[in-house]
Amino acid sequence: MNHDFLTPIDEVAIVHLVLQSPFCLGKVIRIHSAQEGFPKLKGVKIAIFGVQEDRNSENNFGCGDNLVNIRKKLYQLFPGTWDLEIADLGNVKRGEKVADTYFAVSEIITALLEREIIPVIIGGGQDITYVNYRAYDKLEQTVNITAVDSRFDLGNLEDDLTSQSYLSKIIMQEPNNLFNYCNVGYQTYFNSQGEIKLLEELFFDTYRLGKAKELENIEPAFRNADIVSIDIGAVRQSDAPANNNASANGFYGEEICAITRYAGLSDKVSSFGIYEYNSRLDNNHQTANLIAQMIWYFIEGVSLRAKDYPFSGKENYQKFTVLVEDDDPMVFYKSHKTGRWWMEINILSDNKYKRHALIPCTYKDYIEATEQKIPDKWFKAMKKLV
């Protein structure tokens, strides 16, 4: 891994840490500091790094600055009963060109993924999600993205890559390794009817804010994701003011923390980012405090991963077969360990989509099937798989 892309943690955070409890999180994670140098990565499960890049962030310049605010709040929290190693690798500074920053971020993420280390990215615009997606190219696998955002960020096809047009680049540009995109928490008045219809026609999953607030509805969206991208503007302005595109409506602080815990619990999520934090608007470091707690909940989720199906044998699951009129039987699995549910899609050939043959779902989806109603997510998965 090329350490030259990363600069040490701001000295202010190191000095602040000295004053904290010897049992706080900052005292037990491996920190890239000017004094200690770059941390060893052997045994590390989660690696945090910041991105000081805002040039392609729409209407939110400054979102790569003062990431030390988040770190100070994170370091002073106390860890849970976690048996995993965490490192803070420092920051990727703004390159001479935006493309230089993108290259550095992509190289870091790819290197971490190859070591089976989960990158946690803070700061910068949400255009970094595109860079995160491209980092999977070398792994030669299809990818699922779940974005927590009030907007779809499709933009126009002819637009340059920005925080509000990155999704169209992911969908259209080659190599196209995207299998599924899921938006959690979109607000209809921020998205055109044409965009909403397009995502439906692509058989992508979308959860309007009101539905997403019923958190049990959205847990499968994170269980099925490889990449989780959070625009802090998805949180209501009163709870997270540090975003120039913040809205009066959105998730509450405790809801977004529950969401990040879902992301951590998912056995499949292998990279995680929180973007669009603008310190210039952060009254009393309120948003930095919330982001620190979001990261804390993500780490806790990772520490509690259950290694559910397909990581363990089918004997650990209860199988349910539902006969649906005029269709092949639908097969569901329920984990004895966690009580979580899956639907099975029957793929006859062994192709690159095989890893998507099991679709995370809820008990409600099973009940709908028994009532002869085909669950929406099963229908969408079938359209993409066959």
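Colleague: What is the relative accessible area of Gln372?
Modeller: Gln372 is at 39%, so partly exposed; that term covers values between buried, under 20%, and exposed, over 50% (1.4 Å probe, protein chains only). This is a predicted model, where local features need pLDDT of at least 70, side-chain atom pairs count only at pLDDT 80 or more, and totals for chains, interfaces and linings use all residues. Residues are numbered from 1 along each chain as its sequence is written, and side-chain values use heavy atoms, with hydrogens and water left out.

Colleague: Where does Gln372 lie?
Modeller: In the loop between helix H11 (363-370) and H12. Helices (H or I, at least four residues) and strands (E, at least two) are DSSP runs, numbered from the N terminus. Gln372 is not a glycine, yet its phi is positive, about 70°.

Colleague: Which way does phi go for most residues?
Modeller: Most residues other than glycine have a negative phi. Lys307, also no glycine, has a positive phi of about 55°. Lys307 sits in the loop between H10 and E11 and is partly exposed at 43%.

Colleague: Which residues does a cis peptide bond join?
Modeller: Glu174 and Pro175, with omega about -5°. Pro175 is in the loop between helix H5 (166-172) and strand E7 (178-186).

Colleague: New topic. Which residues of H1 are buried?
Modeller: In H1 (residues 11-18) they are Ala13, Ile14, His16 and Leu17. They line one face of the helix, because they fall within an arc of 165° seen down its axis; the arc is taken over directions from the axis to the C-beta atoms.

Colleague: What do they pack against?
Modeller: Strand E2 (30-31) and helix H2 (68-75), with contact meaning heavy atoms within 4.5 Å.

Colleague: What does Ile295 touch?
Modeller: Not counting residues up to four places away in sequence, Ile295 touches Ile48, Ile70, Leu74, Val120, Ile122 and Ile274.
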